[in-house]
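I opened my notebook to get to know a structure that was new to me.

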Amino acid sequence: MILSGRGGHIFRTLFLLGILILFSFPRSSFEQADKSVEEGSSLQIDVFGPSTDLFKMAVVPPVGIETGSKQVQDILEWDLKLSSLFYLLDKKSFIESSEKPVDSIDENAWISVGAQGVIKGKVSIVGGDFELELNLFEVVKKQTPVLGKKYSGKLTELRGSVHNFVNLVIEHFTGIKGIFGSRILFARRTGPKRKDIFTVGMDGWGLAKITDNGSINTIPSWGPGSVIFYTSFISGFPFLYRSDRKEPVLKGEGLNMGAAVAPGGGKMAVVMSVDGQPDIFLTDLEGKILKRLTNSPGIEVSPAWGPGGQIAFVSNMGGSPQIYVMNADGGGVRRVTFRGNYNTEPCWCPRCDTPQIVYSSRDGGSYDIYTVNLSSGQVKRLTESQGDNTSPAWSPDGRLIAFYSTRGGIFLMNTDGLNQNLILKGHAETLRWR
Amino acid sequence: MRFSYPSTLTEGVLIHLLSLFFTVFLNIITLGTLFFISKTGLAGESGKGKEDNFGKKEPIQFIPATLVKLGTPPDPDGVLHRKVPALATGPKDKIPVSTELNVPKKNYPEDEKAPMFAVEDSKIRKVFEKARAFAEITDNPAIEGLPDGVPEGEVTDPSLVKAGNIYATKLYRIFKEMWVVPSYMSQKEIESLMVKVRVIISPDLKISDYKLVKKSGNSGFDASVIEIFKKFETEGRSLPEPPDEIASKLFEGGLEIRFYGKDFGK
């Protein structure tokens, strides 16, 4: 009775279900399509030449206490904007339910607002400590995070944690980690007959004063570790100092300036005027002269090392200031700028597919930023008709350029001259980025 | 549906045992089939089907298509016409020519023809070239064609066109317009990549399913192609009506699209 009763119903139901599943399962139309392709009877199209656009990113306000949430969102948005890789969507357009957990997304809600990527997270602040969780989603890939990180620490470390996450986001998309947390070194007028050396984070935060001796301190450069080289008139003469010593490392007659430490460290190119005419010399980091690199009748200044060990510099040996390059031993000198009659302040791209130098050039009465591709000779103008733009410095990853503009301070832009953002107000000169 | 119950216990036991056997057996087959389908991608789930990795580069093969020109239908009784600019575009009276009399003669190899003019890089030749270009420009060129033609079309007689050529061009334009790759990818990288997608089209001209049959090896590039089909889905887009000659082919055999990064930005 058991078998022909309730149990029988269950078995029959299972039996019928099995049959139904087996025979009602739809035959995949891909089978037919695959067959058509094999037979050469399907329609085929080749599409060439996609257009390109910034990756559209939505940053959802992190869940948590309002002040912490806003702070994290502001840092995220500012970093993503500065990176020049993302277009930030207006949060007013977001339609995903706020009840959706931070570790998943509603794909259709984001596709319909045009988002390609989404960042969600949560933050909690207790006393002086924080806990932060951030997740990156790629909308068309999956509804779970493609990158997720958790951070905790003192509140003062919150900005650094968000920078770290953005660096990982950039690495996720490009294969090369972002550089948030890197710093820009520069000299700034701080009073009459007074200049000081400063550093600032690439997002414009964390301004730090390196010198405070009441004199003119200028043309700084990064040395090994936290060491900074700069020229100071504190003794009344332009001697070269390093930030970890009281005594100058170079105190020759005339100029001692423009130190540029070689990529591998251990030696630097400096400008000295031993014969009354500025020339470039190779020294060790203690100032011991190893070799004279230039000896033309003209003036040679502003040495800048390239990633391959070459040195770019400015010389007027051709009649006007132009950019030249030479080997590390002073050989193989060649001119690389031919347009314009006042090209100065070269800075080599540390990580570009083809060797490139960014420099400033005078056009009529104003200065602007240009790049020259050393392989093709192609010159690209990056700024125009927006005040004077000088002192360009290439970012360590080669994606951005920092410069000073009379529009109001230090700006960052991408290598096409687009997405120009003011990061620090006030005067600045001789920018160096590491 | 009604079920009849067995009259005796023995029959009942036997039938139930058989039912049990078949139920278990068929469910195992069913589950096994489902597992196999899910693994091989025959289920054709959107973007999750069978995907090959982009290994060897496929040679690009071109089949030249003859297309009907977009324009106004030609008058069958009239003659072909072409608007010629009212103003003469020939060289002006004063032609800046080289005053150099003794231009050195260059000896050209036998297989290389001497240039049209004796003076190399002659300004006269430049003027002629310029004039030729201007001669084709009119304010309102009369374009003979058909309303359902395409700008790239060359002929005005539809009988000269293979069925599907124009339709394929229309589809090409739609997919090209919708295809945007993220700017974080380098031009060099983009130009080296290709994705092949197989698309199933339902009779209501919606994209009912698609799968990447060949990936590019770059997830950003692949995602840019997937986005096109996701947009079709979320925006409820349809493809244009195909001509009768190819409609059944399109609905039965689907569509295979190769997305090449080559000619990026053009």
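Predicted model: local features only at pLDDT ≥ 70, side-chain atom pairs only at ≥ 80, totals over all residues.

**Entry: Ser215(A)**

I began with Ser215(A), which I found in the loop between β11 (208–209) and β12 (217–222) of chain A. I then listed what Ser215(A) touches, leaving aside its neighbours within four places in sequence: Lys193(A), Arg194(A), Lys195(A), Ser232(A), Phe233(A) and Ile234(A). Is Ser215(A) buried or exposed? Its relative accessibility is 12%, so I put it down as buried, the limit for that word being under 20%.

Next I looked at where the side chain of Ser215(A) goes. A polar atom of that side chain lies 3.4 Å from the backbone oxygen of Phe233(A). The side chain also reaches the backbone nitrogen of Ile234(A), at 3.2 Å. Phe233(A) and Ile234(A) were both on my contact list for Ser215(A).

**Entry: two domains**

I stepped back to see how chain A is divided. There is a domain 1 (55–174) and a domain 2 (182–433). Taken over C-alpha atoms, the centres of these two domains of chain A are 36 Å apart.

How many residues of domain 1 of chain A are in contact with domain 2 of chain A? I wrote down 11, and they meet 12 residues of domain 2. About 890 Å² is buried between the two domains of chain A, with carbon and sulfur atoms giving 51% of that area.

I also looked for specific pairs across this interface. The rule finds 7 residue pairs in polar contact between domain 1 and domain 2 of chain A, both residues being at pLDDT 80 or more. On the side of domain 1 that touches domain 2, the elements giving two or more residues are α3 (66–82) and α5 (158–174) of chain A. The residues on that side of domain 1 of chain A divide into 4 nonpolar, 4 polar and 3 charged.

For salt bridges, the rule finds 1 across the interface of the two domains of chain A. The side chains of Asp203(A) and Arg159(A) form a salt bridge at 3.0 Å, N to O.

**Entry: salt bridges**

I reminded myself of the general idea: side chains of opposite charge can pair when their charged atoms come close. Searching the whole structure gave me 26 salt bridges over all chains. I followed a few of them.

One of these joins the side chains of Lys122(A) and Glu133(A) at 3.8 Å, N to O. Lys122(A) sits in strand β6 (residues 117–126) and Glu133(A) in strand β7 (residues 129–138) of chain A, so this pair ties together parts that are 11 residues apart in sequence. Glu133(A) is buried, at 13% relative accessibility, while Lys122(A) is partly exposed, at 41%.

Then I turned to Asp212(A) and Lys209(A), whose side chains meet in a salt bridge at 3.3 Å, N to O. Asp212(A) counts as exposed at 57% relative accessibility, and Lys209(A) as partly exposed at 41%.

My next stop was Glu286(A) and Arg245(A), with a salt bridge of 2.7 Å, N to O, between their side chains. This pair links distant parts of the chain, 41 residues apart: Glu286(A) is in the loop between β17 (279–284) and β18 (289–292) of chain A, and Arg245(A) in the loop between β14 (239–242) and β15 (256–261) of chain A. Both partners are partly exposed, Glu286(A) with a relative accessible area of 43% and Arg245(A) with 34%.

Which residues are joined into one network by salt bridges that share partners? I noted Arg194(A), Asp196(A), Lys209(A) and Asp212(A).

**Entry: Asn343(A)**

I finished with Asn343(A), in strand β23 (residues 343–348) of chain A. Its relative accessible area is 0%, so Asn343(A) goes down as buried.

Leaving aside its neighbours within four places in sequence, I found Asn343(A) in contact with several residues, among them Val314(A), Pro321(A), Tyr359(A) and Ser361(A). The side chains of Asn343(A) and Ser361(A) are joined by a polar contact of 2.5 Å. A polar atom of the Asn343(A) side chain also lies 3.0 Å from the backbone oxygen of Arg339(A).

Key:
Residues numbered from 1 in each chain as written. Chains lettered and ligands numbered in written order. Heavy atoms only, no water. Domains from an automatic or database assignment. Contact = heavy atoms within 4.5 Å. Buried area = accessible area lost by both parts, 1.4 Å probe. Salt bridge = Lys/Arg side-chain N within 4 Å of Asp/Glu carboxyl O. Polar contact = N/O pair within 3.5 Å; in protein donor to acceptor, adjacent residues only side chain to side chain. Helix = DSSP H or I, 4+ residues; strand = E, 2+ residues; numbered from the N terminus. Nonpolar A, V, L, I, M, F, W, Y, C, P; charged D, E, K, R; others polar. Buried < 20%, exposed > 50% of the residue type's maximum accessible area, 1.4 Å probe, protein only.
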